Amino acid sequence: MTDLIGTLPGMVKSSLESEENKLPVVETRDEFDVEISGTIGKPLVQNAKMSSRNCDVFYGDKQAIFNINLDIGKNEIIAMIGPSGCGKSTYLRVLNRMNDTIPICRVTGEHTLDGEDIYAAEQDPVLLRARVGMVFQKPNPFPKSIYDNVAYGAKLHGLATNRSELDDLVEASLIKAGLFKEVKDDLLMPGTGLSGGQQQRLCIARAIAVDPEVILMDEPTSALDPIATATIEELMDELKENYTIAIVTHSMQQAARVSQRTAYFHLGKLVEVNDTNTVFTNPEHKLTENYITGRFG
Amino acid sequence: MQLGKHISQRFTQNLEDIRNKVLVMGGLVESQADNAVKSLLEANAELAEEVSISDYKVNKMEVAIDEQCVQVIARNQPAASDLRLVIAVVKVITDLERIGDEAEKIGRESIKLAKYPTVNQLHAELSHLSQLVLGMLHDALDAFARMDTELALKIVANGDLVNKEYNNLSRLLITHMMEDPRNIKSVLRVTWCARSLERIGDHSRNICEYVVYFVKGKDIRHTSLDEVLADHFPGEMERKI
Amino acid sequence: MSDTTTKIIKAGLKKRYAKEKRFRFFGLMSIVISFVFLLVLLISIFSKGWSAFQQTYVKLDVELNEEVLGINKFSNKDALFSARYKKIIKNSLKKKFPGVKGRKQKRALKNLVSKSAQYELRDKVLKDPELLGTTQSFWFLAKDDVDVFMKGNIDRTLPESNRRIKDYQLAWIDQLIAEDRLEKRFNTQLFSASDSREPEQAGLKGALMGSLFTMLVTLSLSFPIAVAAAAYLEEFAPQNNRWVDLIEVNINNLAAVPSIVFGLLGLAIYIGLFGVPRSTPLIGGLVLTLMTLPTIIIASRAAIKSVPPSIKQAAVGLGASRVQVLFHHTLPLAMPGILTGTIVGMAQALGETAPLLMIGMVAFVAEVPGSIMDPATVMPVQIYLWSDSPERAFSERTSAAIMVLLAFLVMMNLIAIVLRKKFEQRW
């Protein structure tokens with residue numbers, strides 16, 4: 001290539017040799033200002049299933065989440081991405097009051113599910129968690145049989161009155177989770193004996209057996225191999241028809257693959273929420289851009 | 001005015017390398033076009049010969065850059081601006097390669113035209129069109145090198161000038177052919193050259209559109225200029241008026 | 001890796017391996033030493049106690065003379081019960097060894113068989129009054145001195161004055177042996193009888209039952225209390241609370257309190273204040289509960305803490321309440337650890353003597369306790385009592401009792417292992 005440079009016209013030559021021989025700069029809003037002054041993009045939607053207004057979360061004296069306003073639309077998959085410690089998991093746990101189990105954790109702001117205040121005094125967290133299910137990072141089936149794992153939630157809430165109803169419910173849940181074919185002959189085997197991907201699908205089956213409206217997923221595939229990951233992603237796509245899904249993920253490709261909207265969290269603040277297409281091709285905020293393109297220190 | 005580097009230095013290097021290669025390719029293509037026009041206007045068969053056989057360099061570079069872009073996509077999965085850069089580059093080099101082809105065509109015609117004096121009679125008109133087009137190509141490459149959207153938009157807006165000039169030249173050439181049918185053969189060749197020049201102008205315009213795509217993240221192809229300006233360059237609109 | 005680095009590492013390698021070898025040697029030595037100590041203990045106990053599982057019996061021809069007894073087969077039960085069987089035994093011995101003179105020798109002759117012989121005879125007659133008037137051969141328990149001699153623990157080469165068995169007694173025994181009238185059999189007495197002043201009649205059943213009842217009381221009190229306390233402290237108590245910390249420190253301290261203090265406490269509170277009857281398995285169990293509680297609480301807390309939080313979260317995420325999480329998941333998963341702690345605590349309690357001395361369980365109890373309210377003694381106290389007795393025959397019984405206690409402990413540990421295996425689940 002060097003032998004070519006000598007023969008080039010002046011402009012290109014000077015451009016190649018000059019100090020500015022760096023990657024070009026992209027215009028983003030807040031170009032010189034990385035301070036986060038409110039969420040940009042489209043955090044609010046028309047047909048919100050769940051929504052938060054002015055959400056703050058404190059761990060003791062430390063504030064973990066700052067003034068988040070976000071809607072989660074009906075039957076959409078919203079992905080929450082951001083560097084570690086950005087508060088995305090914490091926010092996810094706000095949505096089904098899992099933070100209640102941590103004594104020093106305090107949540108403020110207004111949070112609604114179908115317009116109902118989920119932090120109201122008369123709201124029962126047990127009922128809420130039945131409506132807003134959760135799937136965790138590490139597949140955590142109970143050390144019981146596959147059948148008992150799926151049936152647990154239903155038994156807990158008394159969703160089935162007799163054995164045959166329970167059988168049907170377990171089967172339906174396993175079918176929805178795409179696991180039934182693989183395990184139908186050993187429903188009484190321990191759930192912990194399944195492979196990682198199957199375990200996670202078992203956890204999903206367990207969650208949907210309670211018939212929730214929203215499913216929260218906290219890095220559901222981070223412990224799985226790519227094939228198992230793909231299976232779960234495919235499953236999410238199917239579940240979207242009946243459920244609203246919020247997923248926290250560290251894999252940007254995953255967020256790009258499965259979600260309709262993507263929310264980017266940074267240091268406890270919600271920086272940008274936009275259509276996934278927009279976020280991954282033309283994010284508005286510089287911080288989002290930096291994170292997505294891998295420019296973060 | 002720089003974005004922070006990627007955490008992966010190799011990624012940054014790869015992207016910089018790609019961009020530098022595009023600039024080199026652009027320089028090569030520009031000099032090919034320059035030389036082609038020069039050989040045409042000066043009836044320099046030797047130079048024309050050189051232009052027509054140098055096109056392989058451009059083709060080779062296109063293949064090399066294409067390959068590197070595919071590798072970056074496969075290995076680094078670029079997103080956002082990085083993704084737009086790679087996509088823009090892939091498209092820009094296609095246009096550059098076409099410009100190289102057009103320059104080669106002009107070169108081949110020039111070899112044959114060098115024997116006829118016809119060109120001399122059209123020198124002024126051809127020279128006007130070619131300067132316009134070459135300027136456009138130069139500016140487009142400049143806009144790409146500096147990722148200058150203002151310049152790029154200006155070039156897109158001036159695209160009509162080339163068309164107008166080309167139409168004028170066409171009419172003139174038709175008159176020439178009617179005047180003396182013996183000239184038809186050579187004038188036809190000149191027509192093809194003019195056509196090639198006009199194509200170069202179009203490709204330059206495309207390059208500018210990719211610059212805007214890369215910087216703004218908006219595809220402005222097949223959109224009316226006024227719309228583009230209204231949507232993305234409110235300030236520009238007023239200045240134009 | 002550069003050459004110098006390789007050299008430096010190589011130079012250090014030898015030293016490292018030497019260190020490793022040394023450490024492994026020390027570890028092995030420690031195991032050998034503790035094993036030797038254990039072996040010495042076991043050998044000394046087994047060699048001494050082994051013989052206690054056998055007991056000498058004497059065969060006597062008894063003539064159930066109706067006149068001597070003053071009854072016949074038509075007599076009523078009371079008469080049969082209180083007849084003079086002692087005389088029959090005496091006559092039988094006299095007949096066997098005629099020409100015994102002097103009170104001393106006569107008493108010695110009588111002491112060839114245990115005092116229980118007359119009762120055995122009585123029981124036989126009661127069972128079958130048809131025996132009356134006939135002459136029968138029966139095996140009777142031999143007196144402890146005869147037993148000790150038969151087991152080779154009396155040296156006949158010693159001068160007569162230094163021997164517990166005199167020459168004339170030796171002659172009788174030799175004659176009995178020659179006539180095959182002395183025999184060593186398995187000592188069922190040890191397991192079927194309760195404590196007695198006579199070594200040949202003394203058994204462990206009373207102490208075993210006492211221990212069993214005491215353990216039942218201890219288990220049924222300490223297990224639920226300890227598990228509830230541990231579960232509360234781990235799952236429900238406010239974190240970083242000064243009171244909770246204080247309780248925690250105190251529980252840990254309690255585990256280190258000398259056990260006799262618990263005995264004093266039991267004496268003062270249970271017996272003094274609440275009037276719980278002393279010497280019973282109930283009071284013993286109450287005191288031992290106090291002692292085992294900290295052990296089980298600490299073990300249970302550790303077990304509960306080790307239950308993976310992901311399982312609890314999963315249950316909470318499905319809408320289980322905290323108590324449901326505890327009973328459905330946390331406790332079942334912590335059960336192996338809790339059980340291990342419980343069995344360790346129970347084993348400790350089983351072997352405990354000091355606090356029981358304080359609450360009167362050291363009493364001589366000749367009856368087998370039938371409930372937790374009957375006076376009783378326990379295994380370790382029985383061992384203590386026997387080891388304190390002057391009779392030579394008690395020394396082997398002491399060792400035998402220790403062996404039985406050890407067998408009990410081994411069994412409890414086996415149960416612990418089996419339960420662990422049963423409850424253990426992978427997660």
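Me: In this predicted model, how does helix 3 of chain B pass helix 7 of chain B, in a left-handed or a right-handed crossing?
Reply: Handedness tells you which way the near helix is turned from the far one. Here helix 3 of chain B makes a left-handed crossing with helix 7 of chain B.

Me: And what are those two helices to each other, roughly parallel or roughly antiparallel?
Reply: Start from the angle between the N-to-C directions; over 145 degrees counts as roughly antiparallel. The axes of helix 3 (residues 80–113) and helix 7 (residues 184–216) of chain B cross at roughly 165° and come within 9 Å, so this pair is roughly antiparallel.

Me: Which classes of residue make up that contact?
Reply: Between helix 3 and helix 7 of chain B you will find 14 nonpolar, ten charged and four polar residues.

Me: Now chain C, please. Why is chain C said to be more spread out than a compact globule?
Reply: Compare the radius of gyration with the globule rule. For the 427 residues of chain C the rule gives 22 Å, but the radius is 31 Å, well over that, so the chain is more spread out than a compact globule. Its C-alpha atoms fill a box of roughly 100 × 65 × 40 Å along the principal axes, and 35% of its residues count as buried. Chain C has 18 helices and three strands.

How values were computed
Residues are numbered from 1 along each chain as its sequence is written. Chains are lettered from A and ligands numbered from 1 in the order in which they are written. This is a predicted model: local features need pLDDT of at least 70, side-chain atom pairs count only at pLDDT 80 or more; totals for chains, interfaces and linings use all residues. Helices (H or I, at least four residues) and strands (E, at least two) are DSSP runs, numbered from the N terminus. The radius of gyration is taken over C-alpha atoms; the globule rule is 2.2 Å times the number of residues to the power 0.38. A residue is buried if 20 or more other C-beta atoms lie within 10 Å of its own, exposed if 12 or fewer, and partly exposed in between; C-beta atoms are placed from the backbone. Axes are lines fitted to C-alpha atoms, for helices over the stretch in contact, and angles run from 0 to 180 degrees between N-to-C directions. Angles under 35 degrees count as roughly parallel, over 145 as roughly antiparallel, 65 to 115 as roughly perpendicular and the rest as oblique. Ala, Val, Leu, Ile, Met, Phe, Trp, Tyr, Cys and Pro count as nonpolar, Asp, Glu, Lys and Arg as charged, and the others, Gly among them, as polar.
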